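Here are a few notes to go with the model. Have it open while you read them.

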Amino acid sequence: MSTLPGHNLSTSTFLLTGFPGLEQFYSWIAIPFSSIYAIVLLGNCMIIHVIRTESSLHEPMFYFLAMLAFTDLCMGLSTIHTVLGILWRFSQDISLDACIAQTYFIHALSGTESGVLLAMSFDRFIAICNPLRYTTILTNTKVIQAGLIILLRSALSILPVIIRLKFFHYCHPHILSHSFCLHQDLLRLACSDIRFNSFYALALVICTLLLDSLLIFLSYILILHTVLAIASHEERLKSFQTCISHICAVLVFYIPIIGLTMVHRFGKHLSPIVHSLMGNIYILFPPLMNPIIYSIKTKQIRIRIQRIFLLKRHSMSLGLKRPNV
């Protein structure tokens, strides 16, 4: 295999791509992206804080929601330095080791989010289809075990292809197509034998993301069957409303993945801006939307967030009214 002369993997650097052709507008584009990251970080921290401090929310449904928020928070933290680094013109380069590390976290966190969404669908299935046994089936121990299985599955299953990235020869121009590193992007630049990585990654997608989505779909078919058997229209509506937030979270996670996959597979003729935009939607849309969805659609979360802001507003007004000594 041909390689670049004097190519040294340990010192190799790659050029990240922001929005090709829009470089003169980066200062303006950076403002909404910085706002989005602020909402991602603050919104998910708020969800975690509310669930941690409110004892009435210490239930399986909200434990899984806290896992989802923590996963989204980590996704934001794993990409903020490269995305905003490009837009604010701090740096557009990334070392091979840093790129591989970011690739690992992005793909592992995607697998974790898929697993958490599956666990949340199982929670809704038990709550609606077998409510009398809900507390005995989903105990705190079972929730912790489910969380550990999801974490280990995501963290370990991706390792074989990630480790191999370190030993590839990258003889093509070191220009990535996104403002962060992805496995398929690095494979495109490699001149080594990438067949194992390609087949393993495909099998991993089928065994995790595709299988999880099918199981989520199956759980909702069973939920729908149970809900339609309920005689009372009000009870049906109430049961459906408990699932709306989760259905929205599933859609905002899987639709960007499908879109990015389609663009990579069939969009070779599309503008590089389209590739970059779809990549950023894949990374940012779920972490941005999930806190908003659950803050609006989940009554318990919404009430407690409103209470926090009202208390802060009240304490600030008292501080303003306090006479000077």
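Is arginine 89 buried, partly exposed or exposed?

1. At 49% relative accessibility, arginine 89 counts as partly exposed, where buried means under 20% relative accessible area, exposed over 50% and partly exposed in between (1.4 Å probe, protein chains only). You'll find arginine 89 in the loop between α2 (60–87) and β2 (93–95); helices (H or I, at least four residues) and strands (E, at least two) are DSSP runs, numbered from the N terminus.

2. Keep in mind that this is a predicted model: local features need pLDDT of at least 70, side-chain atom pairs count only at pLDDT 80 or more, and totals for chains, interfaces and linings use all residues. Residues are numbered from 1 along each chain as its sequence is written, and side-chain values use heavy atoms, with hydrogens and water left out.

3. Have a look at the backbone of arginine 89 too: its phi is positive, about 60°, although the residue is not a glycine. Most residues other than glycine have a negative phi.

4. Cysteine 171 sits in the loop between α6 (159–165) and α7 (183–189). Cysteine 171 counts as buried because its relative accessibility is 16%. Histidine 246 is 75 residues from cysteine 171 along the chain, and their C-alpha atoms are 44 Å apart.

5. Now the helix pair. Ile106, Ser110, Glu113 and Met120 of α3 meet Tyr282, Ile283, Pro286, Asn290 and Tyr294 of α10, contact meaning heavy atoms within 4.5 Å.
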